[in-house]
Amino acid sequence: MSKVLKRTTSPYVRVEDSGIHGMGVFARKRIPAGVEIIEYVGEKITKAESERRAEIPLNQHKKDRTKGAVYIFTLNARYDIDGNVPYNTARLINHSCSPNCEAVLSSGHIWITALRDIQQGEELTYNYGYDLDSYEDHPCRCGAENCVGYILAEEHWPKLHFKKKARRPRRKLTHEEIVKRQEKNASLPRLPFVVVLDNLRSLHNVGSAFRTADGVGLEKVWLCGITGFPPQSQISKTAIGAEQVVSWEYEEDVVSVVKGLKRQGYQIVLLEQTPQSRDYHEYEPHAPVCLIIGNEVDGISESVVPLADYAVDIKMHGMKNSLNVSVAFGIAAYHIGNRLRDLSV
Ligand SMILES: C[S@@+](CC[C@H](N)C(=O)[O-])C[C@H]1O[C@@H](n2cnc3c(N)ncnc32)[C@H](O)[C@@H]1O
Ligand SMILES: [Zn+2]
């Protein structure tokens, strides 16, 4: 029968629920720097056994994040300590990117030692020192100001730097930064890409299309049929000034506009559900491109359809059959604009 070992204790600690993860170990009283607080004990195992065991809790942890992932500790070149035993109170100490303790190996024993003075009630933590192998399986929730987002040895932190910056926006752009970007964009050439608004009923949709055209960098907006044109307050309401910076032209006859563009070499693309329509992101544009969007109810005029080289649509995955026209234009226009930019570099 295996021996039932008594749970380790220390006058310095008590176990409580942790804000970091599951249970944690807290300072029962003030602990001066350098004090050996509690020993990290467990089963002494070979490295081979250690590798085998490390897989088991890691897999459990992937299924249930409330279960601790790794309890194994290096003792020396041949042996490790598996601290995943109920009598090892120190196994409950959580990791932090700004720890107040460290694990110190001395004469074949591992001691959790205070790195600095620790106040009564503070949670004890140390850096688990995991390597880079599978750091993404170990997200860190230590809450420290300098938290790098993963349980990871400090020596590897510089390699995370890029990812950390990309994932954690800490502020919005300042007004000055936005103005600088506007100035830079104003000097860039527009894309060889125009849109034809064919009989749009809503002036709000017209304004919204202007704003998207500006954002994507379109060369021109053509307004045809019943489509309203600036200046009109309802257009300005959604365009918010974009109607003053994007060049535009009104012509009643949509067919003559499209024929003219075709003569100039524009590839004519319908944003419309037709039996031949392809998913918009499969479309590889050939500059210059003319995208046509149609009336909110009736879609693109029948007379324009035969002039088209291509038709794209946006797959619907819900109850409704279509998107709002200006939303659909935004999706398709950004795709085409991005592809044209990719192709021009
Ligand atoms: C040795 S246990 C620590 C005790 C654990 N709180 C418990 O209740 O079992 C180690 C595991 O706790 C979790 N853990 C410890 N520190 C963490 C932290 N800073 N962020 C997220 N999880 C942490 C991880 O699942 C880790 O694999
Ligand atoms: Zn952290």
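Two residues are in contact if their C-beta atoms, placed from the backbone, lie within 7 Å. With that rule I began on the protein chain: among contacts between residues at least 6 apart in sequence, 71% join residues at least 24 apart.

**Ground rules**

I am working with a predicted model, so local features need pLDDT of at least 70, side-chain atom pairs count only at pLDDT 80 or more, and totals for chains, interfaces and linings use all residues. Residues are numbered from 1 along each chain as its sequence is written, while chains are lettered from A and ligands numbered from 1 in the order in which they are written.

**Overall layout**

I looked up the secondary structure and found 8 helices and 17 strands in the protein chain. Both are DSSP runs numbered from the N terminus, helices being H or I with at least four residues and strands being E with at least two. The radius of gyration is 32 Å, well over the 20 Å that the globule rule gives for 345 residues, so the chain is more spread out than a compact globule. For my own reference, that radius is taken over C-alpha atoms, and the rule is 2.2 Å times the number of residues to the power 0.38. Along the principal axes, the C-alpha trace spans about 90 × 45 × 40 Å.

Next I checked the domains, whose bounds come from an automatic or database domain assignment. Domain 1 covers 13–167 and domain 2 covers 175–344. Their C-alpha centres lie 55 Å apart.

**Burial and cores**

I call a residue buried if 20 or more other C-beta atoms lie within 10 Å of its own, exposed if 12 or fewer, and partly exposed in between, with C-beta atoms placed from the backbone. Buried residues make up 32% of the 345 in the protein chain.

A nonpolar core here is a set of buried Ala, Val, Leu, Ile, Met, Phe, Trp, Tyr and Cys residues joined through C-beta atoms within 7 Å. The largest one has 48 residues, and those that touch the most other members are Val195, Val196, Leu197, Val221, Cys290, Leu291 and Ile292. Helix H4 (residues 203–216) gives the largest share of this core, 6 residues. Apart from it lies another core of 23 residues, including Val13, Ile72, Phe73 and Ile118.

I then followed Val221. Leaving out residues up to four places away in sequence, Val221 touches Val195, Leu197, Ala209, Phe210, Ala213, Val246 and Trp248.

**Strand S14**

Is strand S14 (residues 267–271) mostly covered or uncovered? I found S14 mostly covered, with 5 of its 5 residues buried. Gln267, Val269 and Leu271 are buried on one side, and Ile268 and Leu270 on the other.

For pairing, I count two strands as paired if DSSP finds at least two bridges between them. S14 runs parallel to strand S16 (residues 289–293), joined by 4 bridges, and Gln267 has Val289 as its bridge partner there. S14 also runs parallel to strand S17 (residues 310–313), with 3 bridges; in S17, Leu270 is partnered by Ala311.

**A sheet of 3 strands**

I found an open sheet with the order S4-S6-S5 and antiparallel pairing. Strand S4 (43–46) and strand S5 (72–74) are its edges, each pairing on one side only. S5 and strand S6 (residues 79–82) run antiparallel and are joined by 3 bridges. Ile72 stands opposite Asp82 in S6.

Which residues does a cis peptide bond with omega about 0° join? They are Pro230 and Pro231, and Pro231 lies in the loop between strand S12 (220–224) and helix H5 (233–239). The bond from Ala287 to Pro288 is cis too, with omega near -5°. Pro288 sits in the loop between strand S15 (278–279) and S16.

I also noted positive phi values outside glycine. Ser107 has phi near 50° and is in the loop between strand S8 (101–106) and strand S9 (109–114). Ser107 counts as exposed because it has 5 C-beta neighbours inside 10 Å. Ile240 has a positive phi of about 45°, in the loop between H5 and helix H6 (242–245). With 13 C-beta neighbours inside 10 Å, Ile240 counts as partly exposed.

Gln182 is in helix H3 (residues 175–186). Why does Gln182 count as exposed? Because it has 10 C-beta neighbours inside 10 Å. I also checked Gln182 against Tyr310: they are 128 residues apart in sequence and 33 Å apart in space, C-alpha to C-alpha.
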